[in-house]
Amino acid sequence: MNPCQEGTMAEESQTQKKAQAAEMVVPPNKLKEKVGSGGFDEKAITKAQDQIKNNTVDFQPIAATLMTQMEKAIADARSGAAKGTAAMREILAPAMQLKAQGTMFHYPLVTEISNILVNFLETVTDIDADVLEIITAHKTSLTAVLSGKIKEADKGKVGKELCFALLNTCERYAKTRKNP
């Protein structure tokens, strides 16, 4: 054995002794202590899924309120009444609600379009004329889906093409901002 290997072996032996002497400390899982373990009752999950599936609440008035909020937020951003993060929050709030509620009320296309808008807005640093144009395109698409009452069975090819076009527009905008 050469002297270099002897030094290495001695160091490895010291490291192993330290590792054996080390005490493993597992921090308490406070969240698990509060809620417990064991998952969800299958009956409760089935019941919740059935309630969503058989939901008969009319989404139109809810969506109309959210769309009015979005229109006002866009108008405020366009006029300069709301700027920066305040303008962004005003637009994001109804978009996130539409994203969260669309599928629950049998409007998955509303959820998909809103998801694209929310993801886009989360990448934007400033609301300029181009951003407002993209936001308006999403709002127009949402209005068309809602006024046409395009639900689950109806979304098909046109819905996929619409989502693809909106996503493509957002991606083009992002590329122009990275490579001015």
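The text below describes the nonpolar core and then the salt bridges of this predicted model.

**Nonpolar core**

In soluble globular proteins, nonpolar side chains tend to be buried together. In this model, the largest nonpolar core holds 38 residues. The members that touch the most other members are Phe59, Leu98, Val110, Phe120, Leu121, Ile127 and Val131. Two or more core residues come from each of the following elements: helix 4 (59-79), helix 5 (84-101), helix 6 (108-121), helix 7 (129-147) and helix 8 (156-178).

Phe59 may be taken as an example from this core. Leaving aside residues up to four places away in sequence, phenylalanine 59 is in contact with Leu98, Gln101, Gly102, Phe105, Tyr107, Val110 and Leu146. Two of these partners, Leu98 and Val110, are themselves listed among the core members that touch the most others.

**Salt bridges**

Side chains of opposite charge can pair when their charged atoms come close. The model contains four salt bridges.

| Pair | N to O distance |
|---|---|
| Lysine 72 and aspartate 76 | 2.7 Å (closest atoms) |
| Aspartate 128 and arginine 177 | 2.9 Å (closest atoms) |
| Lysine 157 and glutamate 161 | 3.8 Å |

Lysine 72 and aspartate 76 both belong to helix 4, where they stand four residues apart, about one turn of the helix.

Which parts of the chain does the pair of aspartate 128 and arginine 177 tie together? Aspartate 128 lies in the loop between helix 6 and helix 7, and arginine 177 lies in helix 8, so the pair ties together parts that are 49 residues apart in sequence. Aspartate 128 is partly exposed at 24% relative accessible area, and arginine 177 is also partly exposed, at 41%.

Lysine 157 and glutamate 161 are four residues apart in helix 8, which means that about one helical turn separates them. Lysine 157 counts as exposed at 62% relative accessibility, while glutamate 161, at 44%, counts as partly exposed.

Finally, salt bridges with shared partners join Asp128, Asp130 and Arg177 into one network.

How values were computed: Residues numbered from 1 in each chain as written. Predicted model: local features only at pLDDT ≥ 70, side-chain atom pairs only at ≥ 80, totals over all residues. Heavy atoms only, no water. Core = buried A, V, L, I, M, F, W, Y, C linked by side-chain atoms within 4.5 Å. Buried < 20%, exposed > 50% of the residue type's maximum accessible area, 1.4 Å probe, protein only. Contact = heavy atoms within 4.5 Å. Salt bridge = Lys/Arg side-chain N within 4 Å of Asp/Glu carboxyl O.
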